[in-house]
Amino acid sequence: MAELRAGSFIELQNNDKIKILKEIGRGGQGIVYLSEYQGKQYAFKWYTKEYGDDFYKNLQNNAENGAPSKAFLWPLLISKKQQGSFGYMMELRQNGYRDFGDFLLAKTRFASISAMINAALQICEGFSQLHRNGYSYQDINDGNFFIDPQNGNVLICDNDNVSAQGHNLGIMGKARYMAPEIVGGETPCKYSDFYSLGVILFMLFYGNHPLEGRRVLN
């Protein structure tokens, strides 16, 4: 799929258009662009991998149903299929937030123990709300969180893999975070989320994976 050019427009499902300003990040699924819609700036994720109608419809349903809580950088509007792909609009990450990986690599630290505990509580509360709304996340890993080191406030990103309980999008997850049953071929659910969430919380507090010990550190 082609990358988007600065200054180009992408048509949304509501028949409005969003303007692409510049690239601000990329990953295995696609590219995230700074964009403008109705006078306000947003992030816009454009897929560079091919996804089927099931994935597209699931993304559309999530956008229509709305975010489980304000902690999620949730899909707001979905684009029409065009140029061989599609994408979705979401809120921008606010200033002051750092990647969870920055904490693991000691590039930044929490300002206090209270901030660290608040981050853990917000992560738990966010996924509790997600599960109460009948979803499973299916791909919890260290790339899903932005955290403010001063107060521990959390934003949860990459929510395009979220699906209804029992609905398998074929997203297995990321190595070191997948529950054993997912590796064995079972359908992701909130219980497999619990395993991944446990790994994330351990790493938040201790900075290392719970199943890797002294031999790994030597």
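In the hairpin of β3 and β4, two residues lie between the strands, and Gln38 adopts a positive phi near 50°. The model is a predicted one, in which local features need pLDDT of at least 70 and side-chain atom pairs count only at pLDDT 80 or more, while totals for chains, interfaces and linings use all residues. Residues are numbered from 1 along each chain as its sequence is written, and side-chain values use heavy atoms, with hydrogens and water left out.

- Helices (H or I, at least four residues) and strands (E, at least two) are DSSP runs, numbered from the N terminus.
- Two strands count as paired if DSSP finds at least two bridges between them.
- Strand β3 (residues 30-37) is joined antiparallel to strand β2 (residues 17-26) by six bridges, and Arg26 has Ile31 as its bridge partner in β3.
- Three residues separate β2 and β3, which form a hairpin.
- Eight bridges link β3 to strand β4 (residues 40-47), again in the antiparallel sense, with Val32 opposite Lys45 in β4.
- Seven of the eight residues of β3 are buried, that is, under 20% relative accessible area with a 1.4 Å probe and protein chains only.

**The sheet of β7, β9 and β10**

- An open sheet of three strands has the order β7-β9-β10, with antiparallel pairing.
- Because β7 (98-99) and β10 (154-156) are at the edges and each has a single partner strand, one side of each is left without a neighbour in the sheet.
- Strand β9 (residues 145-147) is connected to β10 by three bridges, and Phe146 stands opposite Leu155 in β10.
- Helix α3 (residues 113-132) lies across β9 and β10 and runs at about 35° to β10; this angle is taken between N-to-C directions, on a scale from 0 to 180 degrees, using axes fitted to C-alpha atoms, for helices over the stretch in contact, where contact means heavy atoms within 4.5 Å.

**The largest pocket**

- A pocket is an open set of points on a 1 Å grid over the protein atoms alone, where a 1.4 Å probe fits, with protein on both sides within 12 Å along at least five of seven lines; lining residues have an atom within 4 Å of a point.
- The largest pocket has a volume of about 960 Å³, taken as the space filled by probe spheres set on the points.
- Its lining comprises 39 residues, and those closest to the centre are Val32, Gly143, Phe146, Cys157 and Asp158.
- At least two lining residues come from each of β2, β3, β4, α2 (100-104) and β9.

Technical notes:
Buried < 20%, exposed > 50% of the residue type's maximum accessible area, 1.4 Å probe, protein only.
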